[in-house]
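Biologist: I would like to learn how to read a model like this one, step by step. Could you show me where to begin?

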Amino acid sequence: MTINDRVAQPAGWPAGDHAMSNLLAQNWWAIALRGVFAIIFGIIALLMPGAALLAFVLLFAAYMLVDGVLAIIAGVRAAQRHERWGWLIFEGILDLIAGAIAVVLPVITIVAFVFLMGAWAIVTGALLFGASFRLNIPHGRWLMALAGAVSVIWGVLLIIWPLIGAVALTWWIAAYALFFGVALLVLAFRLRGRRHDAVAPSGAVPRGI
């Protein structure tokens, strides 16, 4: 450990990656910006869930369209090299169709996505609930059964009220974004307070020597 490392890391603190710590401290503003953008996104998703859902659908559509074009290009090149190309072309066409549906019929895309999430929640919840009966009671059988039941109920509610479920899902994402953004801001300002230690001159003599 160099003298500079000992200055940047006070005695009694657990050892860490000093180079990474110094780098993050000097670029605290970048972490702060990430936190601000996450908070802005969280507020928009919380206040305007419809706009957030539409943005998610358009992002999915853009990804599917780009992926479809790339898959078709890969299939054409494979055909030129006399390699197997059928599945690549087929995949590309399906991606283009899915992307076009998402652009033209965004509401149907949202409902389909919510139905998929609901089916996944029901299947996984049922499996978890069934597995709970093989768990010894002292090991938390009722907790596992409760988790499985909640998952099944959540899946059923998503299928019965898909649009309400989509809005609720957007609010969950908004809550995550707000928590994530606040955590990054707190980290950024803590790093800001340590940035002077990160640039301490290499010739400085730490106290106590």
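Biologist: Which residues make up the largest nonpolar core?

Modeller: A nonpolar core is a set of buried Ala, Val, Leu, Ile, Met, Phe, Trp, Tyr and Cys residues joined through side-chain atoms within 4.5 Å, where buried means under 20% relative accessible area with a 1.4 Å probe, protein chains only. Here the largest such core has eight residues, namely L53, V57, A61, A102, I110, V114, L158 and A166. The elements that give two or more residues to this core are α4 (49–80) and α6 (106–132), and α4 gives the most, with three. A second, separate core of six residues includes W28, A32, L184 and L191.

Biologist: Before we go on, what kind of model is this, and how are its residues numbered?

Modeller: This is a predicted model, in which local features need pLDDT of at least 70 and side-chain atom pairs count only at pLDDT 80 or more, while totals for chains, interfaces and linings use all residues. Residues are numbered from 1 along each chain as its sequence is written, and side-chain values use heavy atoms, with hydrogens and water left out.

Biologist: How many helices and strands does the chain have?

Modeller: Helices (H or I, at least four residues) and strands (E, at least two) are DSSP runs, numbered from the N terminus. By that reading the chain has eight helices and zero strands, and 27% of its 209 residues count as buried.

Biologist: How should I describe the way α4 and helix α5 (residues 86–104) cross?

Modeller: Two packed helices are described by the angle between their axes and the distance between the axes. Axes are lines fitted to C-alpha atoms, for helices over the stretch in contact, and angles run from 0 to 180 degrees between N-to-C directions. The axes of α4 and α5 come within 7 Å and cross at roughly 160 degrees, which means that α4 is roughly antiparallel to α5, a word used for angles over 145 degrees.

Biologist: At what angle do the axes of α4 and α6 cross?

Modeller: Those axes come within 10 Å and cross at roughly 90 degrees, so α4 is roughly perpendicular to α6, the word for angles of 65 to 115 degrees.

Biologist: Which residues of α4 and α6 meet?

Modeller: Contact means heavy atoms within 4.5 Å, and L53, L54, V57 and F60 in α4 meet P106, T109 and I110 in α6. Leaving aside its neighbours within four places in sequence, A61 is in contact with G99, A102 and V103.

Methods: Buried means under 20% relative accessible area, exposed over 50%, partly exposed in between (1.4 Å probe, protein chains only). Angles under 35 degrees count as roughly parallel, over 145 as roughly antiparallel, 65 to 115 as roughly perpendicular and the rest as oblique.
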